[in-house]
Amino acid sequence: MTQPNRYAIAIHGGAGTLSKGMLTEDQENEVHAALRQAVMAGKQILAQGGTSLDAVEAAVRELENSEWFNAGKGSVYNYDGDHELDASIMDGATLKAGAVAGVRNSPNPVSVARAVMNKSEHVLLAGEGADRFARAMGLPQVENSWFGTPMRHSQWRQAQDKAQPSLEPGAEDYKFGTVGAVAIDQAGNLAAATSTGGMTNKKYGRVGDSPLIGCGAYADNRSCAVSTTGHGEYFIRHVVAHEVCARYRYLGESLQQCAQQVLFEELQPRGGEGGLIAIDHTGAVTLNFNTEGMYRGWSESDGEIFTGIYGDDAVRSNKP
Ligand code: ASP
């Protein structure tokens with residue numbers, strides 16, 4: 001029998017139409033470096049005996065701070081040309097959770113979600129109230145325009161020119177850029193966190209799956225920790241993160257089987273595109289997607305850090 005891992009972390013930076021040749025070699029290297037840095041941020045905490053909650057928050061903050069991903073700085077534009085960000089975090093030991101939806105001025109929404117979990121009696125705060133709570137907690141604030149980048153602006157203009165409510169998943173250049181992390185710490189506690197700018201050109205006020213506990217993230221020490229990325233409306237309808245945990249707990253399937261069943265048998269036939277990362281209570285790790293690629297990275301106690309972009313990169317990828 002193999003020994004359970006002492007600790008493990010996995011991250012994603014979104015799934016989508018990521019085929020080889022779309023990024024230059026330099027760009028690929030930059031993405032790999034950003035993913036690596038995020039894994040490293042969480043791994044250092046876990047290696048020193050820190051908590052999985054601290055590790056997933058630290059990893060997601062790194063990804064939020066990178067312009068490569070659709071979360072924090074570099075978030076997509078909504079229909080009005082503004083940014084509305086969603087995030088969530090969950091503690092598998094206590095089932096405590098915190099989330100924010102539609103924040104407009106908080107550069108690291110995952111940390112606001114953590115504050116909602118730790119310092120309020122609520123689970124989910126939305127809109128101006130969430131930013132107001134962040135201010136009350138002494139968390140930093142920025143102008144809404146701070147989140148934009150030239151790349152996101154041109155994606156938004158293209159979506160507007162096509163008069164689409166959102167860049168259609170399945171479109172040639174579609175990438176979900178949501179970020180997330182799952183971890184198990186040396187005490188055996190699981191945690192999950194997810195953060196996003198949502199979908200390009202989304203309707204004002206639209207809330208996706210990422211801040212909805214059970215859809216964009218879920219963690220339960222009795223089963224697993226899951227963070228998702230994909231077309232949020234489908235992930236909400238299928239309650240994806242909790243569905244993976246429930247399969248694991250009640251059906252006794254392996255973690256990978258649970259992930260693949262949900263992605264390929266439930267979501268895909270109905271048009272739901274995306275991916276997820278998960279770690280179970282024994283420390284098994286899986287990273288799966290029904291799209292061409294998913295920005296991803298992971299590491300276990302043995303010390304190595306892996307990162308991937310395309311379907312055939314490394315292991316723990318794709319396809320049933
Ligand atoms: N799931 C996110 C949303 O629908 C998008 C993504 O994963 O990139 O808001």
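Predicted model: local features only at pLDDT ≥ 70, side-chain atom pairs only at ≥ 80, totals over all residues.
**Rings, a covered helix and a listed site**

Biologist: Got it. How many aromatic pairs does a search of the whole structure find?
Modeller: The search turns up five aromatic pairs. Y204 is in one of them, with Y79 as its partner. Their ring centres are 5.6 Å apart and the planes are at 80 degrees, an edge-to-face arrangement.

Biologist: Where in the chain do Y79 and Y204 sit?
Modeller: In distant parts, 125 residues apart. Y79 belongs to the loop between α2 (52-65) and β2 (85-91), while Y204 is in the loop between β6 (190-196) and β7 (217-219).

Biologist: Which rings form the pair with centres 5.2 Å apart?
Modeller: Those of W146 and F147. Their planes are at 80 degrees, so this pair is edge-to-face.

Biologist: Nice. Which residue has its charged end over the ring of W146?
Modeller: That would be K73, whose charged end is 5.0 Å from the ring centre. Y79 has a lysine over its face too: K203, at 5.2 Å from the ring centre.

Biologist: Changing topic: how many residues of helix α3 are buried?
Modeller: Nine of the eleven, so α3 (residues 109-119) is mostly covered. The buried ones are P109, V110, S111, V112, A113, R114, A115, V116 and M117.

Biologist: What covers the buried residues of α3?
Modeller: The cover includes the helices α2 and α4 (127-136). The strands β2, β3 (97-103), β4 (124-126) and β6 contribute as well.

Biologist: One more: which residue does UniProt list for "active site"?
Modeller: T178, and the listing comes from an unreviewed UniProt entry. In the model, T178 lies in the loop between α5 (150-161) and β5 (179-184).

Biologist: Is T178 buried or exposed?
Modeller: Buried: its relative accessibility is 7%, and the cut-off for buried is under 20%.

Biologist: Which residues does T178 touch?
Modeller: Leaving aside residues up to four places away in sequence, T178 touches H12, G13, G14, N70, T194, S195, T196, S210, T228 and T229.

Terms used
Residues numbered from 1 in each chain as written. Heavy atoms only, no water. Phe/Tyr/Trp six-rings, centres within 6.5 Å; stacked < 30°, edge-to-face > 60°. Helix = DSSP H or I, 4+ residues; strand = E, 2+ residues; numbered from the N terminus. Lys NZ or Arg CZ within 6 Å of the ring centre and 35° of its normal. Buried < 20%, exposed > 50% of the residue type's maximum accessible area, 1.4 Å probe, protein only. Contact = heavy atoms within 4.5 Å. UniProt positions renumbered as here; feature names shortened; annotations may be inferred.
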